[in-house]
Amino acid sequence: MDNNRIELPQGTLDLLILKTVALQPEHGWAISECIGQITGNVLQVPQGSLYPALYRLERRGWIKADWRISENSRRAKYYELTAKGRKQLEREEGDWRKLAAAVAQLLDTNEAHS
Amino acid sequence: MWDDLRYRLRALFRRGAVERELEEELQYHVEHQAAIYHEQGFSPEEALRRARLAFGGVERTKEECREARGLSLIEATSRDFRYAMRQCRKSPGFAAVAAVTLAIAIAANTAVFSFVRAIVIEKLPVNAAGRLVTVGQRNEAFHIDGSETAFSYSFYQELRSRETDFEDLLAVRPEDTKLTEGGETIPMRLELVSGNYFSMLGIRPAAGRLLDECDDAAEGAAGVCVISHRLWQERFAADAGVIGHRILVGGVPVEIVGVSQPGFAGVSLHEPREPGALYEGRAVPRLRARPNGLGSPSGAPETGSEPRTGPYAAGRDWQTDPITRGPASWCARYLPVGDGSQGIGRTKAQLEKPITLLLLLVGIVLLVACANLSALLLTRSLERARETGIRLALGASRAAVIRHILSEGLALSIAGGAAGWILAQLLVRMLLRLLGPEGEGLAPHVRPDLVIFGYSAGVTLAAGILVSLLPAWHSAHTDPLPRIHGTGTAGWRRPLATRTLVAAQIALSVVLIFGAGLFVQTLRNLRLGTRAFDAGQVVLAEVDLSDTIHERNPEPFFDELLRGARELPGVRAASLTQIRILSGGMMSIVLRIPGYRPSNGMSAATYFNTVSTGYFGTLGIPIVAGRDFASSDRGEGEGAVIVNEQFAREFLSNDALGRHFSYASGRNVHVVGIAANARYRGPREELQPIMYLPVTQWHFPRDLHLQVRTTQDSTAATAGIRALINKMDRSLPIGQISTMEMQIDRTLTRERLLALLSAILGSIATLLVGIGVCGVVSFSVARRVREIGVRIAMGSQCADILSLFLTEAVGTALVGIACGIPLALASGRLASSLLYGLKPGDALTAATAGSVLVLVAVMGALVPAWRAARLDPSTSLRCE
């Protein structure tokens, strides 16, 4: 397996899911596949924790689910972003970017001094 | 928020659909993945296997999904309870024992709490009942043993007119009388009250008007009364026309002017009465309050004393603010103020302590039951260790395991609580019967209602949690793997935990058995102390000639009665007495004794009794000097009296015979005999001076008690006396006929209640200890089957194996007893005021309690130990 795969940092799974379903409504398998593909398999969603996360986000009203016919003409449960979810995504995205920038800045500073 | 709720509700009500969707969704995922593997060239079976492997535990994911979607509380609970039910069905014997144990404990707690609420917590249904106080009189001229007496109406008027810290004062005198209405006569309890009674208590009329101050002023006018709402409904069919109607109360015509509001029945909470006011053509209404003791011919004798009344007052907070600005400095000293929140009834004063103590005892029984079941559940979890281990390994969270055991405990306790609720109603009825006459007044106050139900439910839940707490914690905190292998080492802490629980149970049981021992001995001591009668028994019958043709001249009737009684078969002695001794009743009187200087400045006072010839012989009280009364002790001159030794010691410096003195308004008497000391009012009283007067002396009493000492059994003797009275006058109503023993028992209600109930509770605890020890030793045997097999194979004898387990049981018991005895001694101190004839730290009782428990522990251990000793080594060695 890929050696450059990293563990998903705590709390980022929600952000990844929200972002993925924001692109287009997807079913569970596709969501995990999509995250893997886009990140070049650096990020892998553990399949066991994907579904509980989906249910949690649905309960909060950030995504909603309905049954559609999938590409292989079977019934599958598709998740899509709600208006509330979009706001949440923007907030979490902003937070993440700020965090990433701050971490990067700190790491850069360390580099300069050492 | 709204989304969340909708989501949860859908999960709750469309559970089937939601579950199917979850299943389908995960299925889709796995199959989709399998299809991709298949495209990559794997066989369909291999592709599916790989997909499943990649996904991980489906069941675990499902469980997490359920949790994530917010498993509804109801759903989770019902699932847990279904599981608990399955567990209970698996071992119905254990479930039954557990439920019955809890039912008994919960029922006892519910029943006793009903009484605690009625006796200790409940207040009179009047305006600001918490601020009411009773005012008695501690008049040393009249008081003998610290009890308060009532005082006169004029005193009440005087007190009310003065500047005191009381907002207002009302006077009330309870009276037992008869109501004649529509040709029917029924016994009635009545209160003679002052005019401000209703306004001060804030009572409204349901019909007509209530009494007011104008009724006080209307002296000499026709009597008026207010009837209670209940009487109005029961006797007068709630007819508004009853206002203005005349009834006969105790033979006196009285006009009904109104009906009081529903729920109000006088100022004795546990003794419902009809408030009324009765006036005679005298200057002062004949009012008197607070009878001294129950069923006594209240207060001081008629002779010479003023008509008396007991003010009953509303003051400020009575505990912190007694009369500080009383009419005189003696006010605070001689007008003791008491808690009036339940009115003038004495139930609280009498029963508050024993009933709270009982609540403590039943609480301990509940704890014992919980410790017992907890220990049994713990040992049982050994049998289920494998199952629990597999569940944990399969991905059940620790919380889920804890929840399961908790719900099992709760299922047991709820089953017990439901049965306990029904049992509690029976227990309440039993307690009421035990309380005798006092129980009658309490009956309406101990009916089950929402508060009682809430208490019972609370106790039930607490019990369920207590029972399962330790087993749940243990199950969740052991490593699953060794359990699945069945190597048993994982549960090493559990034997210790179970033994601790059994030891705790024994410690608490020591307290219960010790308490039971104290109360049973107290009752025995009190009974022994009053048994002045060596053989046979004394039967008493009240004969009241008031309102009969014998009223004017009762002496010939009583003479004939006495003669007849002495000729009854089996009768050894018979006599007449005005006071039934040891019944709580009393009469007292002030003395004028030449040469006697009282230490406290108050004049001498004594109990007295009016008796016929043969009184001392009937009761077996020896005359130590002088003579008994003779029928010649009559006439208007100087009378003859007999005094007891205490009287002689206290007032006549031990030289009583032939001494002259006078009593009350100046009757001169001389002492003709000295009787041995005997208790007068009750079994607990200290020795008191008593003066005996002959019935024949001046005014022959109309209301006397015939007492006979007989060798017959009480039913035959009672029938004989009844027949005798009927033969003499068929129209004479015969009051209650009872034996002296029954009468003493009635004054020992508290003690009997405590002795009986603590003995029952102690027995329950003992039984539970037996079950607990049996359970814990069985567990120990089960754990050590292999070891026992080895021992037997190596030549251990039956006795060796027995002693192995008996030592273990006795060790546990001794630890429990060592902890329990200090606890018992400490709690004995709480009960010290209720004991008689022994110390609250009675060493013998404590030792007995300990020995009983060791014995029970041995007996409980014997059954499983015996089974262990009889094990067949060839099978036990092969046991896994």
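Contact here means heavy atoms within 4.5 Å. The model shown in these views is predicted.

**View 1. Surroundings of B:Met691.** Leaving aside residues up to four places away in sequence, B:Met691 touches B:Ile589, B:Leu591, B:Thr606, B:Tyr607, B:Phe608, B:Asn609, B:Val641, B:Ile642, B:Val643, B:Phe647, B:Phe661 and B:Tyr663.

View 2. The largest nonpolar core has 139 residues, and B:Phe115, B:Leu591 and B:Met691 touch the most other members. Helix α12 of chain B (residues 347–383) contributes the most to this core, giving 18 residues.

**View 3. The contact between chain A and chain B.** Chain A supplies 23 residues to the contact and chain B supplies 25 residues. About 2,300 Å² is buried between chain A and chain B, with 53% of this area from carbon and sulfur atoms. On the chain A side, A:Trp29, A:Tyr55 and A:Arg59 lose the most area to chain B, together 35% of what that side buries.

**View 4. Polar and charged pairs across the interface.** Three salt bridges are found across the interface of chain A and chain B. A:Arg75 and B:Glu24 meet through their side chains in a salt bridge, at 3.2 Å from N to O. Seven residue pairs are in polar contact between chain A and chain B, counting pairs with both residues at pLDDT 80 or more.

**View 5. The side of chain A that touches chain B.** Elements giving two or more residues to this side are α2 (28–38), α3 (47–59) and β3 (75–81) of chain A. Of these, α3(A) gives the most, with eight residues. By class, this side of chain A has seven nonpolar, eight polar and eight charged residues.

Terms used. Residues numbered from 1 in each chain as written. Chains lettered and ligands numbered in written order. Predicted model: local features only at pLDDT ≥ 70, side-chain atom pairs only at ≥ 80, totals over all residues. Heavy atoms only, no water. Core = buried A, V, L, I, M, F, W, Y, C linked by side-chain atoms within 4.5 Å. Buried < 20%, exposed > 50% of the residue type's maximum accessible area, 1.4 Å probe, protein only. Helix = DSSP H or I, 4+ residues; strand = E, 2+ residues; numbered from the N terminus. Buried area = accessible area lost by both parts, 1.4 Å probe. Salt bridge = Lys/Arg side-chain N within 4 Å of Asp/Glu carboxyl O. Polar contact = N/O pair within 3.5 Å; in protein donor to acceptor, adjacent residues only side chain to side chain. Nonpolar A, V, L, I, M, F, W, Y, C, P; charged D, E, K, R; others polar.
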